[in-house]
Amino acid sequence: MQRILFTFLSAGLLIMLCAGASLAEEKRGEAIPDKPAVVPDRSVAVSVVHSGEDNIGSKLASDLKSALNINSLFKLTEDDKPKLRLLLKTVSEFPSRPAVGSAYSLVWVFSKSADSLEYLLVHETGVVDAEGIPGLVAHILERTDGLSVKYSYLFEK
């Protein structure tokens, strides 16, 4: 039974390979257009507003701004134009031991302009230590990208 199954599978694979080779030969004669497709700019304007005095929170804000600045999906800006604003508030988890961790609250809002009301999109709270900052920054970037796609209609003129 296994031998018969193996024979059928081998024959099927051979037929698929021959069909693929004949299609490849047909395509060789056709000219490939030399016009790269225009890819729409998907980048979104973002700003980060941090308030807090703790060292870990300051490092989180700094690393977040740096990651947003180098990522091609985001344009870190303070210009008065439609953008996502990340409002980050941090405090030491334990005031007597500030190097242990930092509690944070992060709110994503959409701002059409400085003169308009901001729209609350989503918020998140948590605790982070120094080793957890890179993972948290990656998580924030991922969530920001998801929100920029979900609420992309807000950026349309």
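A nonpolar core is a set of buried Ala, Val, Leu, Ile, Met, Phe, Trp, Tyr and Cys residues joined through side-chain atoms within 4.5 Å. In this predicted model, the largest such core has 28 residues. The protein chain holds 3 helices and 5 strands, in the order α-β-α-β-β-β-β-α from the N terminus.

**Chain overall**
- The protein chain has 157 residues, and 29% of them are buried.
- Its accessible surface is about 10,900 Å², with 61% belonging to carbon and sulfur atoms.
- Of the contacts between residues at least 6 apart in sequence, 63% link residues at least 24 apart.

**Largest nonpolar core**
- Leu60, Leu64, Leu86 and Trp108 touch the most other members of this core.
- At least two core residues come from each of strand 1 (44–51), helix 2 (55–70), strand 3 (83–92), strand 4 (102–111), strand 5 (119–128) and helix 3 (133–150).
- In soluble globular proteins, nonpolar side chains tend to be buried together.
- Beyond its neighbours within four places in sequence, Trp108 is in contact with residues including Leu86, Leu120, Val122, Ile140 and Leu147.

**Ser102**
- Ser102 lies in strand 4.
- Ser102 has a relative accessible area of 1%, under the 20% cut-off, and therefore counts as buried.
- The Ser102 side chain makes a polar contact with the side chain of Asp54 at 2.4 Å, and also reaches the backbone oxygen of Val91 at 3.2 Å.
- Setting aside residues up to four places away in sequence, Ser102 touches Ile56, Gly57, Thr90, Gly126 and Val128, among others.

Key. Residues are numbered from 1 along each chain as its sequence is written. This is a predicted model: local features need pLDDT of at least 70, side-chain atom pairs count only at pLDDT 80 or more; totals for chains, interfaces and linings use all residues. Side-chain values use heavy atoms; hydrogens and water are left out. Helices (H or I, at least four residues) and strands (E, at least two) are DSSP runs, numbered from the N terminus. Buried means under 20% relative accessible area, exposed over 50%, partly exposed in between (1.4 Å probe, protein chains only). Contact means heavy atoms within 4.5 Å. Accessible areas come from the Shrake-Rupley method with a 1.4 Å probe; for residues, only the protein chains shown count as cover. A polar contact is a pair of N or O atoms within 3.5 Å; within protein, one must be able to donate a hydrogen and the other to accept it, and residues adjacent in sequence count only if both atoms are side-chain atoms.
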